[in-house]
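Dear colleague,

Please find below the structure that I am handing over to you. My notes on what was found in it follow directly after.

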Amino acid sequence: MPEATAHYRPPAPERDQRIDWPDDFGLRFTLFVDAEEEFDWSRPFDRANRSTSHMRALPQAHQSFTDVGLAPIYMVDHPIATDPCAIEILGALVAEGTAAIGTQLHPWVNPPFIEAVCEANSFAGNLPPELEAAKIDMLGAAITRAFGAAPRAYRAGRYGLGPHTLATLESRGYALDTSMRSLYDYSGTGGPDYSHLDVGPFWCGPQRKLIELPLSSAFTGVLRGHARAVSRLPGAHLFARAGLLSRVALTPEDMPVEDALEAIRIMAGDGVRLLSFSYHSPSIEPGHTPYVRDAADLARFYRWWDAVFALLARMGARPASLDQIIAAAWATR
C-alpha cells in the first residue's frame, strides 16, 4: 500500500453545533491519559514496540489524581488492551469506580497489518476508510473483551483524524471524540490541521450525535490578541522565546508550569467551562518519553500537577468524569 500524503482539516463548527454547558455545570476539569506502549520517540515507528512495563507504576500515579477527585479516562491502545498485566491493573481501577476506559488508535501496532509503516500512515485518518474502520473495530473488540464494556470515547493516536473517522465512530456507538488538538497543525508531516479550532466542545458526525471535546490549548503573552496571525509568521518561535506569545497545552509534558497556570486563567477568563488535561502513560516511569528521562524529571512531573490542582481548587473548579461530561452535553439537546 502506498504511503498516504493528504491531510485533513475539519470544518469549524457552526453556532448550532456548539455545546453550551448547563448553568449548574460550573468550571470543571478532566484528564485523558494516552495509555500506550513504550517506544523511542526519536526513531521510526516499529510494529515490534509493544512493551508496557511502565504500567506497574500506574496505581501510584493514579492515586495522585483520585486524591483530588479525578476519575482519569485511560485512552487504551492495542498493546495495552491485549497485555494481561495492564488489563489487570486498569480493570481493578475501573471496578473501584475511579477510572474509565476509552480507545486510542496507534495504527502501526494495531491489526489488521496491511499498510506500510511510515510517518504519514501513523495518522490513522490517512488510511483507506475501510482499513481505518477495521482497526477501530479490532481495537474496540479487544477493549470490550478486556474490560467487559464497549468503549465510548475515542482519541486518534498522534491526533490523526481523517475525513471518514467521525462517521465511523458515530456508526459504532461512540459518544465522544477527543482527537482535535485545538490551535495545532500537523499537516507538515501529513497529519491533520486543527489550528483554526478553539477549545469549545461541539456536536459532530453525520448525525451530530458525537461530542467533540478538543484538547485544551491557549495562546498566552502580550500578543495573544493577534495570535493566529503572528503564529503563522516566519520565525514565530522567537516570539515565544521573548515571552510575547506562547501556545500552551494543558499537559506537564514540555509545558512549563507557570505557562500552564496562565493558560488556565486565560481560558477560564474567556468562559471555557471544561478544561481537558492529558499526558502519555509511559511518562510515569523514567526513561520512556522525552519528558521524563530520570527521577528529577518525574519529581518535576508531579510538582506540575500539584501546582495545577492548587490553582484549580482556588478557582472552585471541580473534576468531571466521562459519564458526567456525556450526560451534561446531552442535557443541552
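**Notes on the structure**

L322 lies in helix α10, which covers residues 322-330. Helices here are DSSP runs of H or I with at least four residues, strands are runs of E with at least two, and both are numbered from the N terminus. The model is a predicted one: local features need pLDDT of at least 70 and side-chain atom pairs count only at pLDDT 80 or more, while totals for chains, interfaces and linings use all residues. Residues are numbered from 1 along each chain as its sequence is written, and side-chain values use heavy atoms, with hydrogens and water left out.

**L322 and L176**

L322 has a relative accessible area of 5% and is therefore buried; buried means under 20% relative accessible area, exposed means over 50%, and partly exposed lies in between (1.4 Å probe, protein chains only). Leaving out residues up to four places away in sequence, L322 touches I73, A100, A153 and L176. A contact of this kind means heavy atoms within 4.5 Å. L322 and L176 are 146 residues apart along the chain, yet their C-alpha atoms are separated by 9.0 Å.

L176 belongs to strand β5 (residues 176-177), and with a relative accessible area of 0% this residue is buried. Its contacts beyond four places in sequence include F32, Y154, L210 and I325.

**Q104**

Q104 is placed in strand β3 (residues 100-105). Is Q104 buried or exposed? Its relative accessibility is 1%, so Q104 counts as buried. A polar atom of the Q104 side chain lies 3.2 Å from the backbone oxygen of M75. When neighbours within four places in sequence are set aside, Q104 is in contact with D34, A35, E36, M75, V76, D77, L139, R155 and G157.

**Salt bridges**

Side chains of opposite charge can pair when their charged atoms come close. How many salt bridges does a search of the whole structure find? The search finds 12, where a salt bridge is a side-chain nitrogen of Lys or Arg within 4 Å of a carboxyl oxygen of Asp or Glu.

In one of them, the side chains of E115 and R47 meet at 3.0 Å, N to O. This pair links distant parts of the chain, 68 residues apart: E115 is in the loop between β3 and α4 (129-147), and R47 is in the loop between β1 (28-35) and α1 (58-66). E115 counts as buried at 4% relative accessibility, whereas R47, at 24%, counts as partly exposed.

A further salt bridge joins the side chains of R158 and E119 (3.8 Å, N to O). R158 lies in the loop between β4 (153-156) and α5 (165-171) and E119 in the loop between β3 and α4, so this pair ties together parts that are 39 residues apart in sequence. R158 is partly exposed, with a relative accessible area of 28%, and E119 counts as partly exposed at 36%.

R265 also forms a salt bridge, with E262, and the closest N and O atoms are 3.4 Å apart. Both residues are in helix α8 (residues 257-269); because they are three residues apart there, about one helical turn separates them. R265 counts as partly exposed at 38% relative accessibility, as does E262 at 34%. Elsewhere, salt bridges that share partners join R47, E115 and K135 into one network.

**Nonpolar cores**

A nonpolar core is a set of buried Ala, Val, Leu, Ile, Met, Phe, Trp, Tyr and Cys residues joined through side-chain atoms within 4.5 Å. The largest has 74 residues, and Y74, L90, F277 and Y279 have the most contacts inside it. Helix α9 (residues 295-314) gives the most to this core, with eight residues. Beyond four places in sequence, L90 touches M55, L58, Y74, V76, I80, I101 and F147.

**The chain as a whole**

The protein chain has 10 helices and 11 strands. Of its 333 residues, 54% count as buried. Its C-alpha atoms fill a box of roughly 50 × 45 × 40 Å, taken along the principal axes. Among contacts between residues at least 6 apart in sequence, 75% join residues at least 24 apart.

Yours sincerely

Conventions: A polar contact is a pair of N or O atoms within 3.5 Å; within protein, one must be able to donate a hydrogen and the other to accept it, and residues adjacent in sequence count only if both atoms are side-chain atoms.
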